[in-house]
Amino acid sequence: MFTPSLIIIFAFSIVMPFIKFIVSTHKIHLACNILSIIGFSSALIIFSLDILEKIRLVLQNILPSSNPYGIISAFDSSEILIFLVANSLGLLTSIYSLKYMERDSGLPIYYSLLFLNVAGILGLASSYDFFTLFVFWELMCVSSYMLVAFRKSESESIEAGIKYTIMSSAGSATILFGLTLIYTVTGTLNFQGVASALKAISFNPLIYVALVFLLVGFGIKTALFPLHTWLPDAYMAAPSSISAFMSGIVTVTGLYAMIRSFSVLSYAVDIHSIWLISVLSVLNMFFGNIAALLQDDLKRMLAYSSIAHVGYMLIGVSVWTLPGITASLLHLFNHAFIKCVSFFCAGAFVYRLGTRKLAEMHGVGRVMPLTTSALIISLLSSIGMPPLNGFISKLYLFLASMNSGMLWLGLSLVINSAISAGYYLRIIRVLMAPKSENMEKMKEAPIQIVVPIYAATVFIIFFGLYPDPVFSLAQSAASHILSLGEG
Amino acid sequence: MNITDFAPWICWISPLIGALLTLLSRDNTVKGVAASSSVLVSWISALLMVPMVSTNQALNVKSGWIYLPEGEPTSLGMLVDSLSIIMVNIVSFVSFLILVYSTWYMRREDGQTRFWALMSLFTSSMLLLVLADNFILFFIGWKMVGLCSFALIGHYYRDEERYWIGGPPPSPFQKPSTCALKALLVTSFGDVAMLSGIILIFVYSKTFNFVTLLNSSPEWMLKMAQSPGLILASIILLLLGVAGKSAQFPLHIWLPEAMAGPAPVSALIHAATMVKAGVYIVARLFPLYYNTYWIVGIQEARFFFQIVAFLGVATAFLTATEAVTALEIKKILAYSTMSQIGYMMMGLGAAGLSQEATIAGYSGSMLHLLSHALFKAALFMSAGAVIHLTGSIYIHEKSLDKRRTRLIWFFTWVSVLSLIGVPPFSGFWSKDEVLAACLESGQILLFSLGLLTAFVTCLYSIRMMYHVFRVDAKVHDGGGHTHSEEEPVMVAPIGVLSGLSLIIGILGYWFKNLFKEIFHGFLSMSLRLETYPRGEWVESTLIPLSSISVIAIASVASYFYYVKYRADYVNLIVRNPILEKLHKVFWNRWYIDKFYESVFVRSILSVRSGIQGKLETSMDVLLNIGVPGIFSRMSQILRSMQTGLLSVNMLYVLIFLAVMMIFLLVG
């Protein structure tokens, strides 16, 4: 039923809270951290062994590999991409939290929630009926509410958490309502069943209603304009490790779920002809980028930039072609690592300087050169500077929009990249400015923080120079998703 | 898995790693050793590929890299065939020797980290360029070598006066950093043109891969031929890039100034390898246009060969005449480099213009590439030694004491004789082959200008040698002691290279036929001719005889002119108005530089102030105050949406839901 790695993730999330009965209080942080690193790495290792085994079978011609995307698509591959992102971000976040969360208490719960969150994402990614999808969706949502509000002594994070909870619950309700409508029309929640039932039905307005409800529900999580209002507060108030994780994977999982369920509904609705999605995409880009321009809070600025990036990913959804979905998934992957580095670095500044304000960060590049250079790399990649990975996925998004005759989407992507350079470069300018006097006693972030930052930075550079592995992964995932409803 | 599957990768990645290693170490010796040994590894792996030459097979090692929605995926692939194997061997071998020489030359210079890292990086990029199986990877290498060349020409970027070139007064001096900038600007102009040519071809062929490009050429070339002028446009764009990189007319103006860098840089980049990249890409694209013209029958493709031949012959002649008047030893060699590359282009052009001359022209030009790489690298290294030992960049100021630099004297003479084309040195065979191809293809003009250039080549070479190793006055102050000033590290590379010139020359007839066999195999693989007209290679005595007699006349003339009467050029031209005029034209490089400067530099500078006053200021206000103002206003408006009130947020959700519902159900 579940894949072995999903079982591992679940097991660790259950075991984690019980640690405090075994380990003494002052060692509990380290124990939890090591345990969670072990958990994520073993899940990754088991998953890779699974893939390698399948590759071996393909090489020995036991499994067929007829299609042009090579080995990976010989088996069900739509979840590999999400799995890799979620698990590696989980691992990086755990390593990062070792130092970053050292001043917090209640860490067993923290790691347990992180595992639950990843479990929700993984289950959602490999779901084949709407019911499973919804259950894991809720699992992911509930654990992320608590993660946002994790620092329960700070009123700011409690406020953000409550806003997030209420809005997201409303979203869950609309999703549920949409699913009931689908069930009413088709009599089943299984993807294949829904698809074959929809093929039989010629036209039913209820499906459109269901689609809108799903769009709103997933859209709240994905931060579609104007449903995004919870996001800047939540990212700003959450611990940076959680901001990185949520921005990297949790929000875009909403997009992934949207693509997955739209693909099933696409048997009755021509997604490509819903021009509203492309309007939403453009709105998201412009809103995110313009709102970020004048921010003075680094994390808030990055949060708005996430909204803009969701807009970029929506280009692929609105063109609804194989290259389009491929480009969206590719950008999902690349954006995860870009934002992970950005938020980690922002967190490192918070850790050392105790402030999120850009105005108080003048010249931090001269005292924390390692962190700053990683942040600059990630920001340049966000702009879409070759040869970093952001360039590759923006290029494919542009090409996908051009190919399906929606060049204006591609053009607004280019315009928005230019606008976004306005605030990204502003950050870089502030970081590289001559140092202010409060910088005198500062030093580089601790090694436990620098290591995960650079681990993710390597991905940014490597997949910019050699995008082939991710691209073929994204392509096979896209073709798999597009054929979800087929027998 | 075969060793040849890995060799091409090791070949170009090894110097790249070497470049990184040089950055890590602090010791200058270690840097030199790291760089040289990484290039040695390249050479060994290049040697491992040599057995492939005889099989006439193209090995295309691929892995996916970049996908474009339309067209074939662009691969991160290596193309191993006779052409690339020969190029790789020349490049890695010469690079290795020059890096060994550099350990001597650079031992007391500043900026060694820069130097070694860039030299390794250059070698890596050059090998990548040669091995790449598609235009994109090729172009990356192409730009990288350009960048390294820029940085290395500007090695003495502090512009101390002793590193200035040009002059002597009243002629102006040039600073190294300006020279580097000039090289970058001129070659980049060509590169941009070339990139547009590549994209133009991609639009029609949907592929960047050289092999696919050739195999599918009949289809896409026919498609392209439907709009007349397009093939010509793509040819001109591509060849502009070639002209820029290989310093061919009309973009040849940067190479003489590129001599501002250290001597090893000139030897490696501006004589032996980088400037050959243009020849390489012409040879690589040769089958493509050959098939299109001779088999598909599209007339426009003929322009490729015509332009190549014209550029070659124009450059060969123009620059050879410029060399006659030049006074800096490295500048003479630079002019001579351009002139010799002109020969290679000429051979390739002639090869495409007639089926009879195809193999002779192609293999002749490749053979000339090989022999030129050998003798010109040796000459540049000797020039470096001469400059180092005498302390003067001019040939007429000081000269070397033959007694103390006997080996250098000998090796330089061997290389110069090869350059002139005296039998039995390697230059003789290759130059003859090119001239024979010109004659066979019926291009009398090419042939006669080529012969004339051979005459001029002999003049300037003997002039240079006479001045450098003059026995009479003003030998540089050695303090009277007569021990040798040569060091093994410095002499050995020069010796190896010039020795090879001699050996290849002695085995010349056999070697020439070997090259013919190789390229006969190579071309019969890539050209779509059923039975290839092998052609009666003119083995007649006509060509060798004519070129030898030309050289003989030239050497007698130059002996009397330069050596016997020790002609002082100043006295001579003052007496003869025709010679004076000629000298002026040659010294000013046919006024081509001046023309470019007045057209491109002065004219732009003259309109600058007007543009700044009228346009720039208003644009400045608009862009730097207006646009940010609009955006910050918009940003404030949008931020006011972010109330932070939960009830308002939920209202947004409701409005959104309602709007979506209305639009979707109505629309």
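## Chain A at a glance

Chain A has 19 helices and zero strands, where helices (H or I, at least four residues) and strands (E, at least two) are DSSP runs numbered from the N terminus. This is a predicted model, in which local features need pLDDT of at least 70, side-chain atom pairs count only at pLDDT 80 or more, and totals for chains, interfaces and linings use all residues. Residues are numbered from 1 along each chain as its sequence is written, while chains are lettered from A and ligands numbered from 1 in the order in which they are written.

The C-alpha trace of chain A spans about 70 × 55 × 50 Å along its principal axes. Buried residues account for 59% of the 487 in chain A (buried: 20 or more other C-beta atoms, placed from the backbone, within 10 Å of the residue's own).

## Helix H10 of chain A

H10(A) covers residues 240–265, and its 26 residues reach 37 Å from first C-alpha to last, close to the 38 Å expected at 1.5 Å a residue (the expected span is 1.5 Å times one less than the number of residues). There's a kink to look for, too: H10(A) bends by about 45° at A:Met246, the bend being the angle between axes fitted to the seven residues ending there and the seven starting there. And 26 of its 26 residues are buried, so H10(A) is largely enclosed by the rest of the structure.

## Where B meets A

On the chain B side, 28 residues are in contact with 32 residues of chain A (contact: C-beta atoms, placed from the backbone, within 7 Å). Strand S2 (64–66), helix H23 (592–641) and helix H24 (646–666) of chain B each supply at least two residues of that side. H24(B) gives the largest share, twelve residues.

The largest nonpolar core has 207 residues, and B:Val88, B:Leu131, B:Val282, B:Val308, B:Met346 and B:Ala377 touch the most other members. Such a core is a set of buried Ala, Val, Leu, Ile, Met, Phe, Trp, Tyr and Cys residues joined through C-beta atoms within 7 Å. Helix H14 (residues 358–390) of chain B provides the largest share of this core, 18 residues.

Apart from it lies another core, of 183 residues, including A:Phe245 and A:Leu298.

Technical notes:
Buried ≥ 20, exposed ≤ 12 C-beta atoms within 10 Å, placed from the backbone. Contact = placed C-beta atoms within 7 Å.
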